[in-house]
Amino acid sequence: MNILEVNHLTKKFGGLTATSDITMNIEKNSITAVIGPNGAGKTTFFNMITAVYKPTSGDILLNGKSLVGLKPHQVSQFGITRTFQNIRLFNDMTVLENVLVGMHQNLKSHWVGTLLQLPHIRRIEENAKIEAYDILKYVGLDKYTNENAGNLAYGAQRRLEIGRAIAAKPKILLLDEPAAGMNPKETDRLTQLIYDLRTKLDVTIILIEHDMKLVMKISDFIYVLDHGELIASGKPEEIRSNKRVIEAYLGKGAVAND
Amino acid sequence: MLAHIIQNLPQVLIDGLTLGVVYAVVAIGYTMVYGILELINFAHGDVFMTGSFIGATVLFLFMGMGFLTALPALIVFLIVIIIAGIATGLLGVGIERVAYRPLRRKNAPKLIALITSIGISFVLEDSVRFIAELKTGNYIVTAPSIFNHRFTLSAHDWFPFFNNATFQGSFILVLAVTVVMLVSLDLFVNKTKWGMAMRAVAQDRDTASLMTINVNRVISVTFFIGSALGGATGVLFMIQYGTIDPYIGFILGIKAFTAAVLGGIGNIRGAMFGGVMLGLLEMFAAANLSIITHGAMGAEYKDVFAFIILILVLIFKPEGLFGKAVVEKV
């Protein structure tokens with residue numbers, strides 16, 4: 001069953017076409033990678049799914065319901081959250097608070113009740129803290145609960161972003177270059193975490209990644225973008241031997257010389 | 001000279017604290033909106049003023065109905081302050097909806113919103129003046145006085161080098177109410193879901209919205225709280241100082257804004273501290289300037305003194321006492 005369907009998605013910035021006519025079907029509970037050289041339109045694609053950009057044409061369907069025209073907070077409330085290529089944590093807030101912000105919509109406390117500090121709302125907020133702590137344990141950051149997010153090491157910040165994103169209980173998690181700048185040990189840990197998310201939390205994962213070793217190992221399915229167009233799609237072994245993909249990455253000569 | 005200054009100290013502290021907590025609460029309204037929108041909401045001082053007039057209206061209404069004699073003054077006061085707080089809170093939300101949100105939606109430069117806020121400020125001043133004149137024939141209103149018992153703080157008996165200080169009953173009330181407001185706001189911002197959302201939006205609006213936070217709702221909540229606190233403080237001001245007019249919001253607003261800058265704009269605790277400090281400085285100057293300068297300058301130079309301190313602080317710490325130097329994002 002497809003949880004996310006992307007139909008003929010196009011985004012133009014003035015005369016520049018960032019993505020053109022992209023069609024994808026993402027299966028529920030799968031790990032899908034979107035790869036391509038720099039400037040291929042991968043992040044633009046993520047930005048359209050999360051409603052940061054409005055597509056010029058085309059449609060995005062989550063479980064058959066269109067997401068186009070919604071606001072970012074609505075899309076995230078419907079169950080798509082993300083991490084960022086350049087980490088965007090709330091640096092002046094603690095690690096725990098970052099996760100609590102992710103849980104915002106699941107905290108059923110009306111702000112009038114919050115202002116008056118009604119007892120049941122306080123209880124909800126206490127429970128939220130326990131839940132947030134569990135999430136931190138899950139991503140391996142429970143030691144840093146009260147540390148400011150900005151003080152964490154790089155790899156830890158990436159994992160905190162994932163923690164914050166899963167706090168919203170998403171159906172689909174978008175990871176924008178999760179392994180960027182990580183050392184091999186950190187990447188291994190991340191790989192395990194992504195597997196875990198899929199099996200234990202039942203999340204569908206779409207990731208943008210340049211680390212081909214990671215991509216080939218982890219993905220069920222791969223989409224390749226180049227200059228805003230979808231040039232290939234298939235299982236990892238199909239992509240590995242695809243001529244157009246090798247051309248896109250290494251230039252036309254690379255295939256001929258091989 | 002020094003003996004004089006020390007003798008007056010208890011009175012200076014009482015008067016300074018009264019004024020300071022008023023500045024502090026109004027400063028919070030500026031700092032919260034700035035923190036979240038990077039907008040200096042110049043209309044905030046006039047929301048404070050509107051609050052004091054709403055308070056006066058309700059008080060006169062109660063007086064007409066005989067409540068003032070039937071109920072304990074404290075209960076009447078609490079009802080008045082709650083009504084004024086809710087009304088000004090809604091006023092603030094309305095101002096944001098009507099005047100600022102459309103600008104934000106069109107990505108207007110921040111300067112435009114600033115000019116708009118000055119416009120709103122005039123609209124509030126003149127609307128209140130118009131209504132007040134229509135109803136009472138005069139735009140300067142003297143509020144019915146409650147809590148005007150005078151108390152004497154016998155500081156002289158404890159420490160012979162102090163003079164005794166006197167204060168009105170309302171001083172205790174002003175202090176108690178503002179402290180309650182400041183503490184609950186601090187808890188709200190640091191402990192609750194909406195407070196957390198507020199801080200998240202202040203740090204990175206786009207990311208917050210991708211984390212399920214409805215940014216416009218958070219902004220409305222911010223305006224409600226800031227304006228409600230400002231309006232409630234307007235009531236306190238009316239009770240403490242007795243006379244109000246539609247232009248009290250202007251100077252007080254500028255000073256509260258100054259207090260917010262002094263504490264580090266965008267920082268709530270900084271605004272509290274800055275407000276109290278400015279109030280104390282001002283009253284210290286009012287009481288002692290003519291002694292210090294041997295009569296060359298009188299109490300009317302108190303603002304100059306307070307603002308010189310401000311300038312000095314900002315020269316050495318431009319981000320304000322509690323502010324964090326902004327690191328340019330790369």
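Predicted model: local features only at pLDDT ≥ 70, side-chain atom pairs only at ≥ 80, totals over all residues.

First, the overall build of chain A. Its secondary structure comes to eleven helices and ten strands.

Now the inside of chain A. Of its 258 residues, 43% are buried. Next, take the contacts in chain A with a separation of 6 or more. Residues 24 or more positions apart account for 66% of them.

On to the domains. Chain A is divided into two pieces: domain 1 is 1–79 + 170–258, and domain 2 is 89–167. Their C-alpha centres lie 27 Å apart. Where they meet, eleven residues of domain 1 are in contact with nine residues of domain 2. Which helix gives the most to the domain 1 side? That is helix 7 of chain A, residues 184–201, with four residues. By class, this side of domain 1 has eight nonpolar, two polar and one charged residues.

Let us stay with helix 7 of chain A. Check its length first. It has 18 residues, and at 1.5 Å a residue it should span 26 Å. The end C-alpha atoms are 25 Å apart, which agrees.

Which residues of this helix are buried? Among the answers are Leu190(A), Ile194(A) and Leu197(A). They cover an arc of only 55° around the axis, which puts them on the same side of helix 7 of chain A. What do the buried residues of the helix pack against? In chain A, the partners are strand 3 (31–35), helix 6 (154–167), strand 7 (172–176), strand 8 (204–208) and helix 8 (212–218).

One more detail: just after helix 7 of chain A, Asp202(A) takes a positive phi of about 60°.

Next, the contact between the chains. Here 25 residues of chain A are in contact with 19 residues of chain B. Which elements of chain A each supply at least two residues to that side? They are helix 2 (72–78), strand 6 (80–82), helix 3 (95–102) and helix 4 (111–116). By class, this side of chain A has nine nonpolar, ten polar and six charged residues.

Ala176(B) lies in helix 7 of chain B, residues 169–191. Is Ala176(B) buried or exposed? Count the C-beta neighbours inside 10 Å: there are 11, and a residue with 12 or fewer is exposed. So Ala176(B) counts as exposed. Its C-alpha atom is separated by 9.9 Å from that of Val21(B), 155 residues apart along the chain.

Val261(B) lies in helix 11 of chain B, residues 248–263. This residue has 26 other C-beta atoms within 10 Å, and the cut-off for buried is 20 or more, so Val261(B) is buried. The C-alpha atoms of Val261(B) and Leu314(B) are separated by 8.6 Å, with the two residues 53 apart along the chain.

That is the tour. Over to you.

Methods: Residues numbered from 1 in each chain as written. Chains lettered and ligands numbered in written order. Contact = placed C-beta atoms within 7 Å. Nonpolar A, V, L, I, M, F, W, Y, C, P; charged D, E, K, R; others polar. Domains from an automatic or database assignment. Expected span 1.5 Å × (residues − 1). Arc of directions from axis to C-beta.
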